[in-house]
Amino acid sequence: MDKKSVAHHFDVKKLSLVGILVSLGIVFGDIGTSPLYVMKAIISAFDAHSSLPFDEFVEGALSCVIWTLTLQTTVKYVWIALRADNKGEGGILALYSLIKKLKKPWLYLIAIVGASALIADGVITPSLTVMSAIEGLEIYNPHTPVVLITCVILFFIFFIQQFGTAFIGKFFGPVMLLWFLLLGGLGSYHLWGNLEILKSFNPYYAYNLITHSPSAIVIMGAVFLCTTGAEALYSDLGHCGVKNIRVSWFFVKTMLILNYLGQGAWLLEHYGKDSFVGLNPFFGIMPEWLVLPGIILATAAAIIASQALITGAFTIFSEAMSLNFWPNQQIDYPSGVKGQMYIPRVNWGLLLFCIIVVLYFQESSKMEAAYGLSITVTMFMTTILLTFWLIRKRVHGGLVFLFIGIYAVIELGFLSANIVKFFDGGWITVIIAGSIGISMYAWYNGRLIKNKFIKFIKLETYLPIIKEMKKDTTIPMYATNLAFLSRSKREDEVEAKIIYSILRKQPKRAEHYFILNIINQEDPYTFKYKVEEVLEGTVFRINFLLGYKIDRRINDYFDDVLRDLMASGVISDKSPHPSLQHFDILPDLKYIIIDNTYINDRLLMVKEKMILNAYHFVKYVGSDDFKAWGVSSHNTTVESAPIFDQTIATEKIERC
C-alpha cells in the first residue's frame, strides 16, 4: 500500500478520523490477523494428561495473551517506543539513527540483527496469514488445495507491487474496520454465554499456567504470536502519527481481547465434543452462515497484513541503503508518488522465500515456530536500542534499569520458548535473517576495509593543471559538464582515483567539473544541496544533504542543480558548440563512476579477506551503480582504477 502518500492526505501530527481509519488499514494488519492462529497454536500445546484442568489451561492462556498485549504492545511500544521518534519517523533503523553517535560502535550490530529478523518476519507473515485464512475452506472441503491457492494469492500480492497499490489501498482502512468489528462482535457473542472467562484478566491465572503446566514453555511460544505486529506498529509511526496510532490501538486492543475471550468461551463450551477436534476456534465461533463471508474477509485482512509487511520491507532496505548497511539498488515509484516505493529485486526475492516457506511447511501451524522466533529477536534488539535511547534522554538510571530488567526477562523468556522449536521450523528464520544480516555486516565492514586503502588528496593541488588542461585544444573535449561521485568526508579533499581518471587514465577536458557528494543527515527528510565553486567557472563541489528517508536518486537531483546554476548564470544554458548554440541546445552531461578493482591480498588479514569476499558477492547481487543512483546508462561511463594507498615491503624485482 502507498503508506507514505496516504499520510499526505492528513496531518499526521493531529488526531483525526481519517488518521485513525488509515492507522487501522496500514498499522494493525499484522497484529489484527493474529486471532486467526494464536488460540489454535495454544490449544495444540495442551497436554490432556497434565494435572492442570482444561478450563484453568484456557483461562491461564488467555491471561497470558491479555497481559502480553498490555506489557509488550501497550506499555513498551505504544507508550514508550512511540516517543522515540526521529523527526516523526519510527522503526528499528530510525531508532538506531538516534543513538548511533553514542560511543558504542557495536550498536550497529544490534540494528543489523533486528532489521534482518524483521525482514524475515516479512517473509513469514504473508505465508502464515494467507494460509491460515485459506485453511478455513477445509471446513467445506477437507481436500481444498490450500497450498496452491496460497501460492497463487502470494504471487498476485507481489506481482501487483510493480504497478502500485494506491487504488486498492483506499479500501484498506474500511476493510480493517469491518474486520475488527467482526472480531469484537463474534467474541462478545460467545463471551456473553460464559462471563466466568473474564477471570482471565487476573494475572494469577497466567502465573498458575506457567508454574503448573509441563508444556508452559511451548505455550508461551504460542502466546507470543499475539503481539507479533507490535514492531510494525512502531515502524509505521511516520505514516500515521503517534496520536492516531495510540487512539486506534485502544479500539484494536479491545476488539482483539474480546475475540480471544470469545474463542476461549467457545473452547470451554465445546471441549470433548466432536466439533472441538481439528477445528480452528477462530472459525468455530462463527455461525455456519457466516463462515464463507468470514473466510473472504479474513483473506482480505491477510492480504492487507501482507501488503503492510512488504512495503515495510521496502522501507527497511531503503533505510539500510542510506545507512550503508545494504548496496544501493534500483527504486521505482509505480504511481509516480514518492511514498509508494518498489524495489524489484527485494520484491521478487521476498516472493521466492515466501513460496519456499509455503511449499516446505504445507500447514500454517508448522510455520508458527519460525514466525515467533524472528519477531522475538527483533523485539529484543529494539529493547536494547531503546535502553540506550533512554540513557541518551537522561532518564533516571533506576527507571532505565527497571525497563531493561523487565523486558529482558519477558523477551528472553519468549525467545527461549521459541528457540526450543528451532528444529520444528525456527531454523528457517535463522537462515533467512542470518543470510540478510551477514550480507549487511559484510557490506558495512567491506566498505570500511576498502576505505582504509582509498587515498584522499588535496584538490587544490591539481586545480592549476585542470585549469591549463581546459585551455588545451589538442585534448579532445570529453564533455561539457563532467560529474564524478565522491565519498570524501573533507570538503578540501577528493579521492585520488578521480584525479587519476581526469588526468591519467584518459585526459578528460571539460567546461565544468562537478564533484558530487552525499552527506547523510540525522533528520530523515532533509532534502537540500550546497554548491561550492572550487575553481571559478570550472570546478564545483555539490554536497547533497539528504536524510535517511530520502532516496539517493542523484541523477534527478543533479538535474535540478544544473537548472538552478543555469538560471543564475553561473554556467551556460547552451551547448558550447556554435552549431548547436544557434538552436538553443542544452549542454551535454557525462557521469563517471569509478569502481576500485584491486587490493593486494597480502595487506589483509584472513577476517578482512572473508568480509571482502562476502562484500563482493553482495555487490554482485545488487544493482549496477548507475541504476542504483538513478543515473541513466546512456550518459554514464563506469571505470576501474587502482587502489593507490597500498604499499607493501617487498624486494624490488631486478632487471637481468
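This is a predicted model: local features need pLDDT of at least 70, side-chain atom pairs count only at pLDDT 80 or more; totals for chains, interfaces and linings use all residues.
**Entry on the whole chain.** I then turned to the chain as a whole, which has 656 residues, 58% of them buried. I noted 27 helices and eight strands in the protein chain.

**Entry on H15.** I checked the length of helix H15, which runs over residues 242–270 and holds 29 residues. At 1.5 Å a residue this helix should span 42 Å, and because its end C-alpha atoms lie 41 Å apart, I wrote down that the two values agree. Just after H15 I came to Gly272, which takes a positive phi of about 90°.

**Entry on H8 and H18.** Next I looked at how helix H8 (residues 146–159) packs with helix H18 (residues 344–361), and found an angle of about 170° with the axes 10 Å apart. Angles over 145 degrees count as roughly antiparallel, and therefore H8 is roughly antiparallel to H18. On the H8 side I listed Val147, Thr150, Cys151, Leu154, Phe155, Phe158 and Phe159 as making the contact. On the H18 side the contact is made by Asn347, Trp348, Leu350, Leu351, Cys354, Ile355, Val358 and Leu359. When I sorted the residues of this contact by kind, they divided into 13 nonpolar, two polar and no charged. I wondered about the spacing in these lists, and recalled that an α-helix has 3.6 residues a turn, so residues three or four places apart point the same way.

**Entry on two loop residues.** Which residue between H18 and helix H19 (368–392) did I stop at? It was Gln362, in the loop between these two helices, and its phi is near 70°, a positive value in a residue other than glycine.

I went on to the loop between H19 and helix H20 (397–419), where Arg394 is found. Arg394 has a phi near 60°, again a positive value in a residue other than glycine. Its relative accessibility is 76%, so Arg394 counts as exposed, the cut-off being over 50%.

Note on methods. Residues are numbered from 1 along each chain as its sequence is written. Side-chain values use heavy atoms; hydrogens and water are left out. Axes are lines fitted to C-alpha atoms, for helices over the stretch in contact, and angles run from 0 to 180 degrees between N-to-C directions. Helices (H or I, at least four residues) and strands (E, at least two) are DSSP runs, numbered from the N terminus. Angles under 35 degrees count as roughly parallel, over 145 as roughly antiparallel, 65 to 115 as roughly perpendicular and the rest as oblique. Contact means heavy atoms within 4.5 Å. Ala, Val, Leu, Ile, Met, Phe, Trp, Tyr, Cys and Pro count as nonpolar, Asp, Glu, Lys and Arg as charged, and the others, Gly among them, as polar. Buried means under 20% relative accessible area, exposed over 50%, partly exposed in between (1.4 Å probe, protein chains only). The expected span of a helix is 1.5 Å times one less than its number of residues.
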